[in-house]
Amino acid sequence: MASAASPIRTEALRKVYGSRNETVVAVDGLDLEIRSGEFFGLLGPNGAGKSTTIGMLTTTVSPTGGRAFIAGMDVRAHPAAVKRRIGVVSQSNTLDRSLTVWENLYYHGRFFGVSRKRSRTRADELLEQFQLSERASAMVFHLSGGLAQRLMIARALVHEPEVLFLDEPTSGIDPQTRINLWGILTDLHRAGQTTLLTTHYMEEADTLCERIAILDDGKVLALGSPQELKQTLGADTVIGLTIDGDPSALVAEAEAIDGVRAVERDGQIVRVFATRSEGVLSKLVVAATGMGLHVADASSHPPSLETVFLSLTGREYRE
Amino acid sequence: MKAQAETFLALLARDVRVLRRQLGQFLIRTIMQPLLFVFVFAYVFPKIGQGFQGGSGGVSFTTVLVPGLIAVAINFQGIQAVALPLVQEFSFSKEIEDRVLAPIPVWMVGLEKIAAGAVQSLLAAGVVFPIVFLVHAPGAAPSVHIHDVPLFIPALLFACLLAAALGLFIGTVIDPRKITLLFAVVVIPLTFLGCIYYPWARLTPIPWLKYFVLINPLVYMSEGLRASLTPELPHMPVWAFMLALVGGSIGLTFVSLRTFTRRVVT
């Protein structure tokens, strides 16, 4: 029964924090359905509602409205059964400081009903797989941030969860360690692990996720594969011009240029979505110069998730 | 149901593993205070002729102290073993976030903490007993033996349970930033007003104090042990302390599991 159900499904899921006088809507009517084996990303700036969503799906935040199901089970009605089927890597280091690296894995397995023998084997296997074997008997207190992160992921996998949750797994981690973690996560995906990742790094979502929901103010703004999301712009190139002075005259002029699909203004920046790059940039610079505007900076690049976010919200993305 | 029991036992096994690793620390924090106490009051005082007598009937002060100091050890360990780690987990180490993801209802995670705390309180009682029994000046030996086993065992076990439940309650309601006040505001008043150094019945000359201390759970722990270890000393009626120990354990467990759940599930 459980295998037929979607690993994660939400219906109008909603969370409001606060008391009567002061309330904050953290998640506002979330509808998601994640497929088995899928690597799914929740992408959005800080405060978009990503962690609250993970909290509700993993039973530590109780929803104000709507419903959420893990493998067909309602998270509110059956929290213990839901917890048995999930593995969670939270944002902060939640390793057991009183135990060794190996014991962190072993006891986690025992908590989840894995036999003593199997827990031992899993602990050894995972330490090997995550290249932590040398540190097996070290106290976790002494681990660096990157190693601790790897151990947290290993720990979440001891009981072979149906769904793996990763809440901002690479925030505050150096770039090299981040690339290593991406490798580990890509391998897990290949092995068929259903995963829900939250991140505020556009590049991370683009690299790892099959599908992404872009979240802002607790609402899904767009949902699709990174490729689909970028295609919604209808442009192959995004040109940005930074103008010294008032660029409003240029906006009108730019719309008339052949190959331009849309123009947006963001302060002193004029952002032009074009179906082709040849000639458009130079025409824009010529037009600006003709109006007596000074172009302080010009750039041209293929659309990224960042530009998708920009065009959806009309504001700069803050990582 | 079986799966949940397994998880509960695995959580306990983890706590026992940690206790074994930190046994030295456990012994030092358990032994130090009662050892120094009996050293000064049961050895030094009689030797230098400074008087503390147990009062009427020629009962020595050491006899008064034995059940009292065991009760303090139980109570102190319950707070130390449950409340302090919990305060840490709520503030800088976020370990609690992972522990509540164990596949049992959240209240059972709290119940396991009470169980582990009660075990440590029981161990503390076992460690402290020989010390307070044996350390004394010649001629100042306490008159102690287990007079009433069927009374002693439940009194001891419920004292441990009550101490651990108190620990969970304190750990879930105290603001981590104010943890330094724990000793000044909770531990020390409980101890000095816990009928440790005097039997409750002896407070009759100070009626307001006699009734005021009844809000202190440590009073019932001391009196329960006094009734079963040193019955020649005056003590509270059995029904009174048993009612408080059993009722208090159940009530405080219930309340602390609620405060715990509220604290971890937002």
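Strand E11 of chain A, residues 237–244, pairs with E14(A) in the antiparallel sense, over seven bridges. One bridge to look at: A:Leu241 has A:Ala298 in E14(A) as its partner. Keep in mind that this is a predicted model.

Now the whole sheet. Four strands of chain A form an open sheet, in the order E12-E13-E11-E14. The pairing is antiparallel. Which strands stand at the edges? E12, residues 260–266, and E14, residues 294–301, of chain A. Each has a single partner strand, so one side of each is left without a neighbour in the sheet. On average, neighbouring strands are turned by 15 degrees against each other, direction ignored.

Next, what packs on this sheet? Helix H10 of chain A, residues 280–290. H10(A) touches E11, E12, E13 (269–274) and E14 of chain A. Its direction makes about 20 degrees with that of E11(A).

A:Val280, A:Leu284 and A:Ala288 are buried. Down the axis of H10(A), the buried residues fall within an arc of 70 degrees, so they line one face. Recall that an α-helix has 3.6 residues a turn, so residues three or four places apart point the same way. The buried residues of H10(A) pack against E11, E12, E13 and E14, and also against helix H9 (248–255), in chain A. On the other side of H10(A), A:Ser282, A:Val286, A:Thr289 and A:Gly290 are exposed. After the helix comes A:Gly292, with a positive phi near 80 degrees.

Last, the interface. 23 residues of chain A are in contact with 24 of chain B. On the chain A side, helices H2 (79–84) and H3 (101–111) each supply at least two residues. By class, that side has eight nonpolar, nine polar and six charged residues.

Technical notes. Residues numbered from 1 in each chain as written. Chains lettered and ligands numbered in written order. Predicted model: local features only at pLDDT ≥ 70, side-chain atom pairs only at ≥ 80, totals over all residues. Pairing = 2+ DSSP bridges. Axes fitted to C-alpha atoms, helices over the stretch in contact; angles between N-to-C directions. Contact = placed C-beta atoms within 7 Å. Nonpolar A, V, L, I, M, F, W, Y, C, P; charged D, E, K, R; others polar. Buried ≥ 20, exposed ≤ 12 C-beta atoms within 10 Å, placed from the backbone. Arc of directions from axis to C-beta.
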